[in-house]
Amino acid sequence: MTRATIVLAEDHPPVAEQIRDLLGEEFDVLAVVGHGEALVKAARRLRPDAVVTDISMPGMDGMQAARELKSEQPGLPLVFITVHDDPLLARAALSIGEGYVLKASAGEELVDALKAVLDHRYFVSPALGRVESLVGRSGSSPAV
């Protein structure tokens with residue numbers, strides 16, 4: 001069975017390395033980039049099965065990059081990974097992508113989040129509450 005391919009955007013190299021190692025157990029990580037512009041370029045060039053992006057990055061942030069990618073590839077599964085545990089930010093992010101994972105729990109949740117979004121389901125770190133309260137659109141069934 002072919003492993004799903006991922007492009008990762010994270011601006012802190014030690015964190016990026018940890019996430020890449022975590023994801024590499026289940027997925028093929030095609031590229032690790034440090035800012036939004038590089039994410040958009042890498043995703044256009046490599047056409048991954050899914051994208052994982054930090055929200056806060058220098059230059060073009062993860063939300064802006066995600067909007068650009070989604071305008072070009074509306075079906076591209078996208079997971080945000082962030083330190084921000086703000087439900088309003090999570091709601092805004094989930095209006096663009098399908099997953100929202102807190103970095104503090106990424107070791108336990110990120111692989112599950114990617115599996116969910118690749119299966120056309122939403123995933124939100126349980127610490128933020130129920131996904132139904134954060135997703136403002138209908139269609140896909142929630143994962144958590």
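Student: In what order do the elements of the chain run from the N terminus on?

Tutor: The model is a predicted one, in which local features need pLDDT of at least 70 and side-chain atom pairs count only at pLDDT 80 or more, while totals for chains, interfaces and linings use all residues. Residues are numbered from 1 along each chain as its sequence is written, and side-chain values use heavy atoms, with hydrogens and water left out. Helices (H or I, at least four residues) and strands (E, at least two) are DSSP runs, numbered from the N terminus. The chain holds six helices and six strands, and their order is β-α-β-α-β-α-β-α-β-α-β-α.

Student: Why is the chain as compact as a globular protein of its length?

Tutor: The radius of gyration is taken over C-alpha atoms, and the globule rule is 2.2 Å times the number of residues to the power 0.38. For 144 residues the rule gives 15 Å, and the chain is close to that value, so it is as compact as a globular protein of that length, with a radius of gyration of 13 Å.

Student: What share of the 144 residues is buried?

Tutor: A residue is buried under 20% relative accessible area, exposed over 50%, and partly exposed in between (1.4 Å probe, protein chains only). By this criterion the buried share of the chain is 48%.

Student: Which residues of helix α5 are buried?

Tutor: Helix α5 covers residues 106-118 and reaches 17 Å from its first C-alpha to its last, close to the 18 Å expected at 1.5 Å a residue; the expected span is 1.5 Å times one less than the number of residues. An α-helix has 3.6 residues a turn, so residues three or four places apart point the same way. The buried residues of α5 are A106, E109, L110, V111, A113, L114, A116 and V117.

Student: Which elements are included in what covers the buried residues of α5?

Tutor: Contact here means heavy atoms within 4.5 Å. The cover includes one helix segment, α1 (13-24), together with the strands β1 (5-9), β3 (50-54), β4 (78-82), β5 (99-102) and β6 (123-124).

Student: Against which elements do the buried residues of α2 pack?

Tutor: Helix α2 spans residues 36-46, and its buried residues are G36, L39, V40, A42 and A43. These residues pack against β1, β2 (28-33), β3 and α3 (62-72).

Student: Is R47 buried or exposed?

Tutor: R47 is found in the loop between α2 and β3. Although R47 is not a glycine, its phi is positive, about 50°. At 51% relative accessibility, R47 counts as exposed.

Student: With which residues is T82 in contact, leaving aside its neighbours within four places in sequence?

Tutor: T82 lies in strand β4, and at 0% relative accessibility T82 counts as buried. With those neighbours left aside, the contacts of T82 are D54, I55, Y100, V101, L102 and K103.

Student: How far apart in space are T82 and Y100, C-alpha to C-alpha?

Tutor: Y100 is among the residues in contact with T82. The two are 18 residues apart in sequence, and their C-alpha to C-alpha distance is 7.7 Å.
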